[in-house]
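Subject: Structure for you to look at

Hello,

Here is the structure I said I would pass on. Please open it first and then read the notes under it.

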Amino acid sequence: MKNEKEDSNRRNFLKLGLLAGTATLTGLGVKNTLFANAKEETGEKVKVLTVDGKVVEVDSSLVAHPSEEKLSQFNVREGIPGKKFIMVIDLARCANARKCVEGCQSMHGMLPPIEYIKVKKMQDSELAAPYWFPQTCYQCDNPPCTKVCPVDATFKRSDGIVGIDSDRCIGCKFCMAACPYSARTFNFGRPEQQAFSEEHAHDADKCCTTKSSQEGTVSKCDFCPESSSKGILPSCVTECPNGTIFFGDELEDAVTNGEETFRLSELLTKRAGYRQFEELGTKPRVYYLPPVERNFPFEDATEVFNQQE
Amino acid sequence: MEEKIKNSEKTTYETFTQEEYMEMKRDLLKPLEKIGLWGKVWIGFLVTVCLLGVYAYYIQETKSKYVTVSLRDYTMWGVYISNFVFFVALSLIGVLMSAVLKLTNFEWYRPLSRIAEVIAVGAIMLAGVSIVAAMGRPERLWHLVVYGRIQSPIVWDIIVILTYVTTSLILLFIPMIPSMATLKNHLTGKPKWQMKMYELLSFGWEGTEAQWKSLKRSIKILTIMVIPLGVAIHTVTAWLFATTLRAEWDSTNFGAYFVSGAFLLGVAGMVVAIFVIRKAYNLEKYLTEMHFDKLGMALVMMSFIYIYFNINEYLVPAYKMSGLHANHLLNLFVGDEALFYWMVVLFGMVIPATLPLIPKLRKPLPLTVIAVGVVIAAWFKRYLIVIPGLAHPYLPIQDVPESWRHYTPSLIEMTIVAATFAATLLIVTLFSRFFPIISVWEVAEGKLEGKDEIINYK
């Protein structure tokens, strides 16, 4: 009995070590060929980065990451297999440069005042220090918006993203009423926006599921899944000059802002990561790192960006 | 004994020997005979407003909604939704003024029941229209059938509302079958199609004992059914709000609060309706001062019930003033909406709870003035429930155009709202021109059975 227990303990330890090792490698974007013999070859090629920094093509059976061909058969309603997207926003780094807002607007073809990501000035109490608060859709794990949708036009995907099917949305706006974070926006068909959308309807290189945001339907930040599936970071992440926003995969336990990569669990532990309005039970997939030891002193914005109707 | 009952039923309802019954029939069929000048003007006016509404809707749907309606991302539900809630509330008039009174043996319900049911059917239909007007993609309404998911409160609401409409229509129609036969037999000088319609709708009614028996039975079943359904439609409508995480709607009180408000609106609506109907059609003998007296007392009672729920809804959270509720509540009590809010409290609750306690103020005219105030306040009350809170979400609204912060309904929106009112009134008006708005046989039955409250008409 005792032996058996010890044995099982050792086995668990080994498993854990193996897992941790795999996770570390995956975290760096590398997947080795440990299990090469276990599966049959599929013939699909996947690009991977080797430890010495070379990009090589290997058979998709060798890695957990889906091939590009698979990803190109992208379905709005299904998540990207093997992914659990997550975002960490470091409030200590945000200086309200608004590059994330602009990058997002250009990526999604949205004109101001529509912002999928907003930067708000927050001050929790009179004595507390003000800070800048970038806010996206939190892609909640217990999303109040998808619950109330009468036609399943907004839904939770397996990769954690809360998606919208603009072809199905009836425009009742119940999801907007249900979202306690006011993350959703409605396409009221603002003439300037309509003209712009029409003009840029066929632009390549834009994301996303809400690219086709239609008049009379709801849209919002969607973590740019088409880019993410190809390993390209959402534009709010890449555009930020201060590296405020980190994006990654919970299963890989890694987040990156394009320059620095952190172990997610470590980052959240060390920096006391929290989620907005935890008490509402929505379980957001966006974590905030408190604005301590800031990179910049807080400077109030004097400029207004969205005054034009 | 059996034989006697059989005979008396026959004499009661079908052989028109009694003078009183003949007179009653004359009085109650009079509105159907000729539409006077003012009647035509009134119908013309209502039709015009309805057409204006249709035109406004056409503009709204063909042009950009950013221009035609004042809704924006924060206040995404506007007067269409609050108007929807108002009409759902109004449709409970049928439950209260017909079903509840009938089942609790308040005999004075008899001349009121059909009026109440017509208003109920009209109101619930226009509630549906209001919702469609609020939709971003009305042409996708069929998605609700194809993709509908039961966990959405909207789907619950559609299910109960459709059930309620159906039940109310049947409950309106079945007691009309004997009236159809009366119309068929006694109305003269009407176009052929109209007589044909009465004949078809009377379904071969002859007033036999078996027919009366099954008629009364079905009325009873439907009357009982319509009460839980009515409570359900308004409770589920309240849940459309209460199932969200927004502070201003996050209330366990909401269902009961909405239903009690609907009953108050129902009484007030009834007062206004019978005041107009008795004046327009000279039905003072049937819609008597006694009715106003009773409705005045009902108004007081319903006001107190509504005040009770309002205290629960506003003062209890206000006592705590939690951060979540504070900005919304203070906005109502002392902020931008304060004047609005306190006017609604005054005209929608305090006045109807107190003034009708004075017997003189339960006379038709003063009571109607009070009731008109209640109806108007009730509309604004729904506005205050739905809209101001939306502009006070958990996360602050910053750096948005001015129109995103403050919602004021656009002309297009108000025209459509006005049209929904006109359409409801038009439904009631046209109904009263084609069918007796007071059920002849129900009133006659009450009188002949010697029911006190009916006898005391005179």
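**What was found**

Q139(A) sits in the loop that runs between β5 and α4 of chain A. Although Q139(A) is not a glycine, its phi is positive, about 45°. It counts as buried because it has 25 C-beta neighbours inside 10 Å. The term works like this: a residue is buried if 20 or more other C-beta atoms lie within 10 Å of its own, exposed if 12 or fewer, and partly exposed in between, with C-beta atoms placed from the backbone.

Before going on, some notes on reading the model. This is a predicted model, in which local features need pLDDT of at least 70 and side-chain atom pairs count only at pLDDT 80 or more, while totals for chains, interfaces and linings use all residues. Residues are numbered from 1 along each chain as its sequence is written, and chains are lettered from A and ligands numbered from 1 in the order in which they are written.

**Confidence**

The model has an ipTM of 0.88 and a pTM of 0.87. The average pLDDT of chain B is 89, and 94% of its residues score at least 70; pLDDT is the predictor's confidence in each residue, from 0 to 100. Over residues 1–17 of chain B, pLDDT stays under 50, and the model has 14 contacts for them beyond four places in sequence. Two residues are in contact if their C-beta atoms, placed from the backbone, lie within 7 Å. Where pLDDT is low, the predicted coordinates should not be read in detail.

**Chain A**

Chain A contains nine helices and 13 strands. It has 309 residues, of which 42% count as buried.

Is strand β5 (residues 131–135) of chain A mostly covered or mostly open? It is mostly covered, with five of its five residues buried. Y131(A), F133(A) and Q135(A) point one way from β5(A), and W132(A) and P134(A) point the other way. In a regular strand the side chains alternate between the two faces of the sheet. β5(A) pairs with strand β4 (residues 118–122) of chain A in the antiparallel sense, over five bridges, and K118(A) stands opposite Q135(A). Two strands pair if DSSP finds at least two bridges between them.

Strand β2 (residues 55–59) of chain A lies largely in the open, because zero of its five residues are buried. Its antiparallel partner over five bridges is strand β1 (residues 45–49) of chain A, with V48(A) opposite V56(A).

P112(A) and P113(A) are joined by a cis peptide bond, with omega about 10°; P113(A) is in the loop between α3 (99–108) and β4 of chain A. D253(A), which is not a glycine, has a positive phi of about 55° and lies in the loop between β10 (245–249) and β11 (254–256) of chain A.

**Where the chains meet**

How many residues of chain A are in contact with chain B? There are 41, and they touch 38 residues of chain B. On the chain A side, α5(A) gives the most, with four residues. That side divides into 22 nonpolar, 11 polar and eight charged residues. Here Ala, Val, Leu, Ile, Met, Phe, Trp, Tyr, Cys and Pro count as nonpolar, Asp, Glu, Lys and Arg as charged, and the others, Gly among them, as polar.

**Chain B**

The largest nonpolar core has 186 residues, and those with the most contacts inside it include A89(B), I119(B) and V271(B). Helix α13 (residues 254–281) of chain B gives the most to this core, with 17 residues. A nonpolar core is a set of buried Ala, Val, Leu, Ile, Met, Phe, Trp, Tyr and Cys residues joined through C-beta atoms within 7 Å. Among the residues that V271(B) touches are F292(B), L295(B) and L367(B), not counting residues up to four places away in sequence.

Helix α5 (residues 79–91) of chain B is largely enclosed by the rest of the structure, because 13 of its 13 residues are buried.

A238(B) is in helix α12 (residues 209–242) of chain B. It counts as buried because it has 27 C-beta neighbours inside 10 Å.

Regards

Technical notes
Helices (H or I, at least four residues) and strands (E, at least two) are DSSP runs, numbered from the N terminus.
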